[in-house]
Amino acid sequence: MPSSPRSFACALVCLLAFSGSALADNHGAGDPRDPWEGYNRAAYGFNKGFDAIFLKPAAEAYDAIAPEAVDQGVTNFFSNIGDIRNCFNNFLQGKPDEAANSLARLVINSTVGLLGFVDVATEIGIKKSEEDFGQTMGARGAEPGPYFVIPFLGPSTVRDTVAKPFDFALNPFTWAGDGEFRAAVMGTQAIDYRADLLDTEEAVEGITEDEYTLVRNAYLDQRQFEVSDGAVTDAYEIEE
């Protein structure tokens with residue numbers, strides 16, 4: 001389970017995007033942030049079906065056979081890789097302390113932490129600061145643009161979609177080995193992450209009927225919170 005309110009919210013949004021559970025309906029139909037709702041609902045349904053047929057069963061099997069220590073180690077390993085992205089984006093956002101923390105976490109966990117399988121940095125109090133290029137673009141003034149559901153990847157916005165290739169480029173596994181190796185690594189990461197959400201799914205399952213709308217609202221609100229580092233007053237609007 002996620003260890004902080006912010007990470008819990010991020011995990012819940014990703015879970016809702018695949019499983020269709022949700023929290024609350026704040027905006028209703030005709031949301032100006034979602035002018036492509038017809039397409040987005042179709043893509044959401046596709047992702048939900050893909051999860052039900054492939055990803056969730058694989059995650060349940062993994063959760064059943066992987067010892068807790070192994071599961072946590074794999075999660076830590078991929079989280080450690082993410083600190084490359086975090087360091088780069090914290091630097092671009094003009095956050096030298098957070099960038100230094102991300103770099104320190106990467107060095108400590110990659111060495112003392114056995115390639116990141118043990119999160120030594122957290123144990124000694126070095127804070128993790130999650131940042132991506134979409135947040136960097138937002139921090140530099142780029143508007144999110146319309147909501148956009150990406151097949152297989154889930155909820156996004158135009159800005160976040162444009163930013164994703166930059167984050168992929170900072171993942172060494174994007175370039176390591178051949179195509180089969182990269183697919184195996186990324187598949188393992190997806191299954192591990194999905195398995196970590198199984199307990200959360202049970203807690204929120206069946207809360208509402210309009211799953212799509214609530215996933216959208218949760219994602220957009222969470223992304224605004226992340227871009228502003230928590231200094232959120234009003235939901236963003238798209239000019240008509």
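View 1. F77 is buried, with a relative accessible area of 15%, where buried means under 20% relative accessible area, exposed over 50% and partly exposed in between, using a 1.4 Å probe and protein chains only. F173 is likewise counted as buried, at 15% relative accessibility. This is a predicted model, in which local features need pLDDT of at least 70 and side-chain atom pairs count only at pLDDT 80 or more, while totals for chains, interfaces and linings use all residues. Residues are numbered from 1 along each chain as its sequence is written, and side-chain values use heavy atoms, with hydrogens and water left out.

**View 2. The largest nonpolar core.** The largest nonpolar core has 10 residues, among them A59, F77, F173 and A195; such a core is a set of buried Ala, Val, Leu, Ile, Met, Phe, Trp, Tyr and Cys residues joined through side-chain atoms within 4.5 Å. Leaving aside neighbours within four places in sequence, A195 is in contact with A59, Y62 and D63, contact meaning heavy atoms within 4.5 Å.

**View 3. The ring pair of F46 and F152.** The ring centres of F46 and F152 lie 5.1 Å apart with their planes at 85 degrees, so the pair is edge-to-face. Rings of Phe, Tyr and Trp (its six-membered ring) pair if their centres lie within 6.5 Å, and planes under 30 degrees apart count as stacked, over 60 as edge-to-face and the rest as tilted. F46 is partly exposed at 41% relative accessibility, and F152 is partly exposed with a relative accessible area of 45%.
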